[in-house]
Amino acid sequence: MDIGNIIDAAFSNAFGPQAIVFALAAIGLNIHFGYTGLLNFGQAGFMAVGAYGLAVAMVRLDLPLVVGVAIGLIASLLLALVLGVPTLRLRADYLAIVTIAAAEILRLVFGAVETKEVFGGSNGLNGFTETWNNLNPYTGGLDIGIASWGRNDLWAMTVGWITVALCCLLVWALMRSPWGRVLRSIREDEDAVRSLGKNVFLYKMQALMLGGVIGGLGGIFYALKQASVVPSDYSTNLTFFAYTALLIGGAARVLGPVVGSMIFWFLISGLGEFFSQATSGVDPLIPAAIMTDTQASLIRYILMGLGLMLLMIYRPQGIFGDRREIALDAR
């Protein structure tokens with residue numbers, strides 16, 4: 001058992017590009033669920049349209065990187081409008097149904113044979129990261145003993161964590177403004193807010209759009225990190241992992257999604273490396289009769305699920321959260 005490799009895998013992924021992707025997705029969900037009480041189960045859809053907006057703009061239309069990023073964010077904004085207009089006047093569960101369905105529809109459309117000329121079908125799109133890589137100022141990777149990253153990862157981490165910090169600063173400022181206080185009030189009792197003359201639908205729409213754009217930014221970063229966009233990368237698992245990161249860190253807390261994403265990837269990567277080593281070799285630590293090397297890659301998600309269940313039972317507010325912040329409207 002190589003403890004050094006386990007620690008390296010855990011810390012490298014906890015601070016690496018993968019954690020940044022889920023931090024951005026969870027920050028968007030925090031605006032939706034944590035601050036406004038909107039049940040968005042389709043954050044993967046916002047990430048997908050952001051990523052494909054970038055890829056299509058650069059690969060099919062041969063547009064610059066900056067324009068591609070702008071198109072990806074606008075696409076996320078438009079998706080929020082399309083989903084929000086017919087559902088935000090209804091009960092919260094309707095938004096949950098519509099968003100998860102929309103995310104799956106988008107994934108199937110992006111991977112369909114009929115749209116292959118535009119979106120690349122099941123193979124997706126690639127060849128749009130040349131400009132991104134050319135901007136990389138680093139000449140080599142970084143190894144600090146307990147973690148190591150390659151040259152491209154180091155560049156992605158520099159841009160990514162700065163982006164996460166700016167998004168957190170934006171959320172911090174907005175949630176301390178009158179606009180943010182209205183959102184919190186809507187989460188607690190939207191009828192009371194409506195009785196005070198506030199346009200609840202408009203505030204919900206604004207929150208959905210802002211969280212969707214931040215989710216789209218996460219999708220754009222994911223595409224640049226992967227150097228490709230593939231429909232299978234934007235399944236519902238992406239949304240549920242982002243929710244896991246949010247709940248671990250604590251809903252309605254500015255840094256909750258960020259810390260939760262770090263902890264999520266620390267555990268997932270560390271456990272994955274541990275069980276991979278424990279089931280490999282001639283004389284494995286865990287016999288094949290108990291667990292095979294194929295099962296080793298799945299057991300980490302089982303343990304993470306059990307851990308999340310225990311967290312919801314004994315500390316439902318997460319690490320930094322407040323129990324009252326995640327209470328859903330029972331009506």
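Student: How many helices and strands does the secondary structure of the protein chain come to?

Tutor: This is a predicted model. The protein chain has 13 helices and four strands.

Student: What would a compact globule of 331 residues have as its radius of gyration, and what does the protein chain have?

Tutor: The general idea is to compare the value with a rule based on chain length. For 331 residues, a compact globule would come near 20 Å. The protein chain has 20 Å, so the two agree. Along the principal axes, the C-alpha atoms fill a box of roughly 70 × 50 × 40 Å.

Student: Of the 331 residues, what percentage count as buried?

Tutor: Buried means under 20% relative accessible area. In the protein chain, 50% of the 331 residues count as buried. The accessible surface comes to about 15300 Å². Carbon and sulfur atoms hold 65% of that surface.

Student: What share of the contacts with a separation of 6 or more joins residues 24 or more positions apart?

Tutor: That share is 75% in the protein chain.

Student: How far apart are the mean positions of the positive and negative charges?

Tutor: Lys and Arg count as positive, Asp and Glu as negative. The protein chain has 20 positive and 21 negative charges, and their mean positions are 12 Å apart.

Student: Now single residues. Is S261 buried or exposed?

Tutor: Check the relative accessible area against the cut-off of under 20% for buried. S261 has 0%, so S261 is buried. The residue lies in helix α12, residues 256-278. Beyond its neighbours within four places in sequence, S261 is in contact with A19, F22, A23 and A245.

Student: Where is N30 found, and what does N30 touch?

Tutor: N30 is found in helix α2, which spans residues 17-35. N30 counts as buried because its relative accessibility is 2%. Setting aside residues up to four places away in sequence, N30 touches Y35, L246, A251, A252, R253 and P257.

Student: Which backbone oxygen lies 3.1 Å from a polar atom of the N30 side chain?

Tutor: For a polar contact, look for N or O atoms within 3.5 Å. Here the backbone oxygen of R253 lies 3.1 Å from a polar atom of the N30 side chain.

Student: A252 is among the residues N30 touches. What is the phi of A252?

Tutor: Phi of A252 is positive, about 60°, although A252 is not a glycine. A252 lies in the loop between α11 (236-249) and α12. At 1% relative accessibility, A252 counts as buried.

Student: Is D62 buried or exposed?

Tutor: Exposed means over 50% relative accessible area. D62 has 67%, so D62 is exposed. Phi of D62 is near 55°, a positive value in a residue other than glycine. Its place is the loop between α3 and α4 (65-87).

Student: Which residues does Q43 contact outside its sequence neighbours within four places?

Tutor: Q43 is in contact with A25, G28, L29, H32, G211, G215 and T239. The place of Q43 is in helix α3, residues 43-60. Q43 counts as buried because its relative accessibility is 0%. Q43 and I97 are 54 residues apart in sequence, and their C-alpha atoms are 12 Å apart.

Student: Where is G321, and what does G321 touch?

Tutor: G321 is in the segment after α13 (293-314). Not counting residues up to four places away in sequence, G321 touches G249, G250, A251, R253 and R315. At 11% relative accessibility, G321 counts as buried. G321 and G145 are 176 residues apart in sequence and 32 Å apart in space, C-alpha to C-alpha.

Definitions and conventions:
Residues numbered from 1 in each chain as written. Predicted model: local features only at pLDDT ≥ 70, side-chain atom pairs only at ≥ 80, totals over all residues. Heavy atoms only, no water. Helix = DSSP H or I, 4+ residues; strand = E, 2+ residues; numbered from the N terminus. Buried < 20%, exposed > 50% of the residue type's maximum accessible area, 1.4 Å probe, protein only. Contact = heavy atoms within 4.5 Å. Polar contact = N/O pair within 3.5 Å; in protein donor to acceptor, adjacent residues only side chain to side chain. Rg over C-alpha atoms; globule rule 2.2 N^0.38 Å. Areas by Shrake-Rupley, 256 points an atom, 1.4 Å probe, with all protein chains shown as cover. Charge placed at Lys NZ, Arg CZ, Asp CG, Glu CD.
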